[in-house]
Amino acid sequence: MTNPLLAPSSLPFQLPDYARISDDDFREAIEVGMAEQTAALSAIASDGSAPTVDNVLSAWEHSDATLKRALHAFWVAKSADRNDARDAIEQEFAPRLASHSDRILLDPDLHSRLQALRDAADTGEVTLDEEDSYNLDERLREFRRNGITLDNAAQDRLRAINSRLAELTTRFEQLLVAGRNAGGVLVTDEDELAGLSEEEKERLRSAAAREGREGFLVDLVNTTGQPVLDSLEHRGLRERIHRASVGRGTGGEHDTRPLIIEIVRLRAERAALLGYENHAAWVAEDGCARSSAAVAELLSRVAPGARLLAEREADDLQGLLEEMNPSARFEPWDWQFLAARLAARRAVDHDALRQYLEFDRVLERGVFAAATRLYGITFHERPDLVGYTEQTRTFEVRESDGSPLGALLLDAYTRPTKQGGAWMTSLVDQSHLLGDRPVVTNTCNVPPPTPGSPSLMTWDSVITLFHEFGHALHGLLSDVKYPSRSGTNTPRDFVEYPSQVNEIWAWHPELLQDYARHHTTGEPLPQDVRNRLLASRTEGAGHATFELVSAMVLDQAWHAASADELPQAPEQVEGFERVALESAGLWFTLVPPRYRSTYFSHIFAGGYAAAYYAYLWSQVMDADTVAWFRDNGDLGRGSGEHFRRRLLARGGSVDAMVAYREFRGADPDVGHLLERLGLH
C-alpha cells in the first residue's frame with residue numbers, strides 16, 4: 001500500500017504523513033473512502049438482526065474512517081496551501097460528495113434502521129445512554145431535514161440542487177481567492193507609504209518581488225477593512241486600497257455576482273421543497289436560535305444602538321479630520337486612520353503597541369499560558385512531526401500529569417497560496433469509541449518575519465489568535481464517545497461561543513504584563529499604556545458592531561427573501577444590498593458591512609449561509625460567561641476545570657443549550673452583551 005491515507009497513520013496521534021502524501025493520494029483516498037462508506041452503510045441497512053447500539057450507531061461511526069481521514073487531511077492542506085491540482089480535486093469532488101451525502105440521507109432503508117433502534121429504545125428492548133440517545137435522535141432529525149419524506153420526483157430535484165450548489169460554492173471560493181490575489185495594490189512611489197515602519201515596507205517589497213513586480217504590493221485581506229489603512233498617511237493611497245477592497249467580485253474575470261444569484265435562488269428553492277418558508281428558517285431551526293424570528297429579534301435589539309454608537313464615533317472622527325484637513329470630506333477610507341490617531345491621542349498608539357507584540361511571545365506567554373492556568377495543559381513543540389507546509393509547527397499537548405492529550409498544528413504566516421482570514425480545523429476527532437486523541441489546527445494570516453526582524457502583531461491579530469485558539473481548545477478538550485459529536489461539531493450558532501470566551505484572556509492584566517514585551521529590549525509594556533489599553537476595550541465598539549451587524553443583516557436578507565425579491569441580474573446585486581441595509585436602518589456610507597456580498601465567503605462558500613448571525617448569538621453566551629468567570633475565580637484552575645468539564649468537554653454530544661445550562665445554571669442573559677456594547 002503506497003497511499004498513506006488508505007490506512008490509519010502510524011505517526012504519533014495519527015497525524016497525516018504529509019511528507020509522503022501526494023495530491024493524487026488525496027483523490028484516490030476520497031474515492032476509496034466514499035466506496036467504503038457506501039458498502040458499510042448498505043450492510044447496516046440490510047442487517048436483519050435486531051438493532052443495537054453496536055450494529056447501528058457504532059457501525060455507522062466506523063463507516064467513514066477512510067473518507068474522513070482523507071477529507072480532513074485534504075481540506076486542511078487545500079485551504080492553507082492551494083495549488084491547481086488541489087483546486088481541481090475540490091471542483092471534481094464537491095458535487096460528488098454532495099451526491100454521496102444525498103445517497104445516505106435519502107436512503108429509506110437506512111432511515112428505517114435508525115427508526116427501528118429508536119422504537120426498540122422506546123419500548124425498553126434496548127438501553128441507550130445519554131450520548132447514544134442524542135446521537136440517534138440527531139441522525140433521525142438530519143434525515144427529516146434533508147428530505148427523507150419527499151416523493152421520488154422531489155428527491156431527484158433535491159439531489160440536483162445540492163450537486164449544483166456544491167459546484168457553485170466551490171467556484172465562488174476559487175474566484176474569491178483569485179480576485180483577492182489579483183486585487184492587491186501596487187505602490188511604486190515609496191513616499192506614499194509614509195506612516196509605515198521599515199519592517200512593514202520591507203514586507204510589502206517582498207510581496208511585490210514574489211509576484212515579479214517592482215515596488216511595494218499591498219495584498220488584500222478578506223474583510224472590507226484593510227489593516228494597513230490604520231497607518232497610511234497618504235489619503236490617495238488609502239482610497240485606492242479601500243476601493244480595491246470593496247470592488248472585489250463586481251466585474252471582470254473574477255465577478256462573483258452571477259454565482260451569488262444562482263446560489264441564493266437554489267437555496268430558496270431547496271427550502272421550499274423541504275417545507276420551509278425560506279433558507280433562513282431552515283438554518284435557524286438547526287441552531288440554538290430555533291427560528292429566524294428569534295434571529296431577527298436579536299438583530300433588531302442591537303442594530304439601532306450600533307448605528308447610534310457608530311454615528312457618535314463618526315462625529316468624533318470628523319472633528320479630528322477637520323483639525324488635520326479643514327477642507328476634506330470624511331470618507332470611509334479615512335475611518336481606520338483617524339480612529340487609530342484618536343485612539344493614540346486618547347489611549348494607545350497602536351503602531352507603537354506592535355513593538356511589544358512579538359508573535360512567539362504572545363503565543364507562548366499569552367495564548368498557551370492562559371490555557372495552562374485554566375486547564376493545566378501544556379504545549380511541547382515537536383519539530384520531528386511534519387505538517388502540511390514547511391511553515392507549520394506541531395505541538396504535543398499534555399495533561400497536567402504529563403500524559404498526552406492531543407496535538408496542535410499551527411500555521412501562522414500569510415502566503416499567496418493560503419485563503420484569507422483565520423480558522424481552526426480538525427485533523428483527528430477525539431473519540432472514546434475509536435480510541436482517538438484530538439489533532440487540531442490553527443491557521444492565521446499574520447505577516448511573516450522579515451530577515452533580521454520578528455513578526456510583530458497588531459492588537460486585532462492578537463485577539464484573533466486567542467479567538468482561534470478557543471476553537472482549538474474546544475477540539476482538544478473534547479471528551480465524548482462518538483467522533484461525529486466531538487469538539488466543534490455543534491450548532492453553528494454555538495460553535496463561535498467558546499472561541500469568543502477565550503478572547504477575554506488577551507486582556508488579562510497578569511498575562512498582558514508577561515506577553516507584551518518590547519521585541520528588542522524585553523521591557524514590559526509600560527504600566528500606563530497597559531492601563532490605557534485595558535480602558536480602551538470599548539474604543540471603536542460602534543464601528544466594529546455596526547459593520548458586523550450589517551453583514552449579518554445582509555446574510556439574512558439574501559436567505560429570507562422570496563424568489564421575486566431576489567436579483568435576477570448581476571448589476572442588481574448592489575441595489576439589493578442597499579435596500580436590505582436601508583430597511584434595517586443600517587445604510588451608512590462611512591461604514592460598509594464587514595463583508596460585501598461579492599466577497600462574503602462565509603455565506604457563499606463556507607458553512608455560514610443564513611448563520612452569520614452566529615457571531616452575535618455567541619456573543620450573548622460569551623458575555624454571560626465572562627460575567628461568570630469574573631464571579632467564580634477568574635483565570636484559575638477551579639473555574640477553568642468547571643468550564644472544561646461542564647461545557648467544552650461535551651462537544652456536540654448533548655443539546656448545546658442543555659450543556660450551557662449545566663455549566664451556567666441558567667439561560668444566558670442578553671443584558672451582559674448589551675452592557676458590554678454600551679447599549680444597556
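The model described here is predicted.

Helix H10 itself covers residues 257-273, 17 residues in total. From first C-alpha to last, H10 reaches 25 Å, close to the 24 Å expected at 1.5 Å a residue. The buried residues of H10 are Arg 257, Leu 259, Ile 260, Ile 261, Ile 263, Val 264, Leu 266, Arg 267, Arg 270 and Ala 271. An α-helix has 3.6 residues a turn, so residues three or four places apart point the same way. Just after H10, Gly 275 takes a positive phi of about 95°.

## H7 against H10

Two packed helices are described by the angle between their axes and the distance between the axes. For H7 and H10, the angle is about 150° and the axes are 10 Å apart. Angles over 145 degrees count as roughly antiparallel, so H7 is roughly antiparallel to H10. The crossing of H7 and H10 is left-handed.

On the H7 side, the contact is made by Ala 154, Arg 157, Leu 158, Ile 161, Asn 162, Arg 164, Leu 165, Leu 168, Thr 169, Arg 171, Phe 172 and Leu 175. H10 contributes Leu 259, Ile 260, Glu 262, Ile 263, Leu 266, Arg 267, Glu 269, Arg 270 and Leu 273. By class, the residues of this contact are 12 nonpolar, two polar and seven charged.

## H12 against H24

Helix H12 (residues 292-324) and helix H24 (residues 614-631) have axes that come within 10 Å and cross at roughly 75°. H12 and H24 are therefore roughly perpendicular to each other.

In this pair, Ala 294, Val 295, Leu 298, Leu 299 and Val 302 of H12 make contact with Leu 616, Trp 617 and Val 620 of H24. The contact of H12 with H24 has eight nonpolar residues, no polar and no charged.

## H15 against H25

The axes of helix H15 (residues 359-375) and helix H25 (residues 637-646) come within 6 Å, crossing at roughly 85°.

Thr 372, Arg 373, Leu 374 and Tyr 375 of H15 meet a set of residues in H25: Arg 637, Ser 639, Gly 640, Glu 641, Phe 643 and Arg 644. The classes in the contact of H15 with H25 are three nonpolar, three polar and four charged residues.

How values were computed. Residues are numbered from 1 along each chain as its sequence is written. This is a predicted model: local features need pLDDT of at least 70, side-chain atom pairs count only at pLDDT 80 or more; totals for chains, interfaces and linings use all residues. Side-chain values use heavy atoms; hydrogens and water are left out. Helices (H or I, at least four residues) and strands (E, at least two) are DSSP runs, numbered from the N terminus. The expected span of a helix is 1.5 Å times one less than its number of residues. Buried means under 20% relative accessible area, exposed over 50%, partly exposed in between (1.4 Å probe, protein chains only). Axes are lines fitted to C-alpha atoms, for helices over the stretch in contact, and angles run from 0 to 180 degrees between N-to-C directions. Angles under 35 degrees count as roughly parallel, over 145 as roughly antiparallel, 65 to 115 as roughly perpendicular and the rest as oblique. A crossing is left-handed if the near helix is turned anticlockwise from the far one by less than a right angle, and right-handed if clockwise. Contact means heavy atoms within 4.5 Å. Ala, Val, Leu, Ile, Met, Phe, Trp, Tyr, Cys and Pro count as nonpolar, Asp, Glu, Lys and Arg as charged, and the others, Gly among them, as polar.
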